[in-house]
Amino acid sequence: MKLSRFDLIVTMYRSLFVETVWNFERMQSVGFLYAIIPAIRKLYPNKIKRISALKRHLKPFSTHPYMTGIILGVILKKEEEIACGTEENTKVIDDIKSNMMGPLAALGDSFFWSAWRPLIALLGTTITMLSVKNQCSIILGPVVFLIIYNIPHFYLRCIGFIKAYNSGLGIISTIRNLNIQKLVERLYLIGAIMAGCVIALLFSWDKFKLLDIEFIRNIFFFSVILLLTVALKFQITATKLLYIIIIICTISVYFGF
Amino acid sequence: MQKAIIVGILGGLFNLEGRAIGELMFSQPLVAGTITGWLLGDIHTGLIIGAILQLIWINMLPVGASIPPDSSLASVLGVTFAISLLSSHKLPSDIIMAYSVALAIPLGLVGKWMDFHLREFNANLSHRVSMYASQGNTVAIDLITGAAVVLSFFKGFILCFIATLLADRILLDILVSLPHQIKDGLRLSWKFFPAIGIAVIINMFCVKKFISFFIGSYLFVVILLAVAGFSKIILFLIVLSIAILMAFEMRKFQKDGEIC
């Protein structure tokens, strides 16, 4: 019994729902089961075998949502082999899942959550700041954010899934050869350079004159930003800082500043 | 009432998108605020409030089992408040925007609290799923996932619907009755909100290693703007391309250079 292309597409579509029944006991296990159900229905027409296949996927499962495609691909390949009878040991499914989910979650968290999304969000907000006054390019920022952000996302979801299905366990060595740590560092470098650029663009001199009012205002804002950065380093969250600023402003207005 | 239903549906959809299905990041404040603003007829306000909230919450990451503040619902509600206040009252827009952002942030925390309880409730659904799995009933598992989708939608819907309904009656009266010192304080503090966002970005990206790059790019842009009179957009594109080139050609500066 082999899975058709249609089954693969249905599974890919269902893998979007992986975080739906997220709970603290078994995390995304229901979502993973939901994604793999069409394949199980097709591979195991026999009810007893189907039940044991469903039960295999009830253990706790948690990974980065974008990485489920890769794990699903590998698991589908293995389930196929089990259904054909070439693979006897059903415990191998469990081992693959528990060995892949941790490293892939770490990979996805460090690339997507802590580097890629902030960087592209910074890009989007910067474009918004630059283009908000212009009526024609007003939504350029959000559009750029969505498009650029989703390129690696869809690459992993779709092409990663197909590649994992075709190459089975061979995908693991491909992933190991990716040097994500270095890539994340490079994204951080781009972020640092862009942060400097953004400050300069927001609080900029049009004409360079010492001790001009504009000059003093810019120096003031720059020192406020440095002060806020130091405050953030001491674990005061940004939302708290926002309310502290409102209170300070109100007090200074009250005393006629 | 009609507006409350629209905002509720929007909030529900964004909650679904961000917490359950797909995660294409339509639910990030920058996009969610813009779409809300577009539907309520004022893209400009939506964009600005979305961008501010995006910057403030840029480092709130859903790593592992941690739940970040619900930035999408906060931005939907912040934009809704701002637009309804702007249309019904003749106050300066600075005051109204600062007021709506300050009100929307606690609602994001309420959303986080609701999310926590929803995820605790999901444990019951998960028990049901294991029961049906041992009976081999796959249709029931599909239905339970559908039920979880509906629950997630209603979490966003209820929060946005109630907040918008209440906001229409109460918020305006509170804002008008505030003493003028607080109003002026809000107006003054609005100028500092982008500064908070930039501080968050510096805190996030400028690790010790890259601080010289940060200062270098700041001086580069300042000097080019002041002396050579470049336009801001062109300058931004130049800096961006230099940054990308430096990041991916950096192996020239490193001993153990290898391509990702």
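The model is predicted. The contact draws 84 residues from chain A and 90 residues from chain B.

**The side of chain B that touches chain A**

- Eight helices of chain B, listed in the next two points, each give two or more residues to the side that touches chain A.
- Among them are α2 (29-40), α3 (43-56), α5 (93-135) and α6 (138-177) of chain B.
- Also included are α7 (180-190), α8 (193-205), α9 (211-228) and α10 (232-248) of chain B.
- Sorted by class, this side of chain B consists of 64 nonpolar, 18 polar and eight charged residues.

**Helix α3(B)**

- The 14 residues of α3(B) should span 20 Å at 1.5 Å a residue, and the end C-alpha atoms of α3(B) are 20 Å apart, so the two values agree.
- Of the 14 residues in α3(B), 13 are buried, which leaves the helix mostly covered.

**Helix α10(B)**

- From its first C-alpha to its last, α10(B) reaches 24 Å with 17 residues, close to the 24 Å expected at 1.5 Å a residue.
- The residues L235(B), F236(B), V239(B) and A243(B) of α10(B) are buried.
- On the face of α10(B) turned away from the buried side, I234(B), L237(B), S241(B) and L245(B) are exposed.

Terms used:
Residues are numbered from 1 along each chain as its sequence is written. Chains are lettered from A and ligands numbered from 1 in the order in which they are written. This is a predicted model: local features need pLDDT of at least 70, side-chain atom pairs count only at pLDDT 80 or more; totals for chains, interfaces and linings use all residues. Two residues are in contact if their C-beta atoms, placed from the backbone, lie within 7 Å. Helices (H or I, at least four residues) and strands (E, at least two) are DSSP runs, numbered from the N terminus. Ala, Val, Leu, Ile, Met, Phe, Trp, Tyr, Cys and Pro count as nonpolar, Asp, Glu, Lys and Arg as charged, and the others, Gly among them, as polar. The expected span of a helix is 1.5 Å times one less than its number of residues. A residue is buried if 20 or more other C-beta atoms lie within 10 Å of its own, exposed if 12 or fewer, and partly exposed in between; C-beta atoms are placed from the backbone.
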